[in-house]
Amino acid sequence: MRDQEFLEFVRASGRYLLRTAVLLCGDPVRAEELVQATYERTYRSWRVARDGDPRAYARRVLVNLRVDGWRRTRREVVVDPVALPDQAGPDHAGAVVARNAVVQALARLPLAQRRVVVLRHLLDLTETEVARELEISVGTVKSHHARGIARLREIFAEGDL
């Protein structure tokens, strides 16, 4: 029963968690590793996770794992935006090109700003939820958000994506 519930959760949340991880770390390979570690920890605490919102629980684990990685190394090695996949050719949908540009632009933001922008806009969390998830003040969320959005505007205005 427990395993079946967890398998259903994995099927339903896989794309969401992978997308979140890619946006947070900018590297698809590291993102997959992060998601696997997230599933491992969520499975170990499945009884607690399933009693609430399992997706929110797993997202929190994912963000915490990513933050722990930053804290462990005390520096971030982000994939060079030039090394990210090129934009899709004209035979692909415009949404793919736009998504690629957003991922490349996010990879150029400082870590704290990237986390806040991803959680606020791509995961639709409120400022309070972001503050709680990242264990920072709402004021810090607001300042990182404002600076991150301003920097994204600069990046897109430069037009080199």
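Arg115, Val116, Leu119 and Arg120 in helix α6 meet Glu127, Val130, Glu133 and Leu134 in helix α7; contact here means heavy atoms within 4.5 Å. The model is predicted: local features need pLDDT of at least 70, side-chain atom pairs count only at pLDDT 80 or more, and totals for chains, interfaces and linings use all residues. Residues are numbered from 1 along each chain as its sequence is written, and side-chain values use heavy atoms, without hydrogens and water.

The residues of the α6 and α7 contact divide into four nonpolar, no polar and four charged. The axes of α6 (residues 111–122) and α7 (residues 127–134) come within 9 Å and cross at roughly 135°. That makes α6 oblique to α7.

Now the aromatic residues. Rings of Phe, Tyr and Trp (its six-membered ring) pair if their centres lie within 6.5 Å; planes under 30 degrees apart count as stacked, over 60 as edge-to-face and the rest as tilted. By this rule there are six aromatic pairs. Phe6 and Trp46 have ring centres 5.2 Å apart and planes at 85°, so they pair edge-to-face. Phe6 sits in helix α1 (residues 2–25) and Trp46 in helix α3 (residues 46–51), 40 residues apart.

Trp46 is buried, with a relative accessible area of 3%; buried means under 20% (1.4 Å probe, protein chains only). Phe9 and Trp46 form a tilted pair, 5.3 Å centre to centre with 45° between the planes. Phe9 lies in α1 and Trp46 in α3, so this pair ties together parts 37 residues apart in sequence. Phe9 is buried at 8%. Phe6, Phe9, Tyr39, Tyr43 and Trp46 form one aromatic cluster.

Terms used:
Axes fitted to C-alpha atoms, helices over the stretch in contact; angles between N-to-C directions. Helix = DSSP H or I, 4+ residues; strand = E, 2+ residues; numbered from the N terminus. Parallel < 35°, antiparallel > 145°, perpendicular 65-115°, else oblique. Nonpolar A, V, L, I, M, F, W, Y, C, P; charged D, E, K, R; others polar. Buried < 20%, exposed > 50% of the residue type's maximum accessible area, 1.4 Å probe, protein only.
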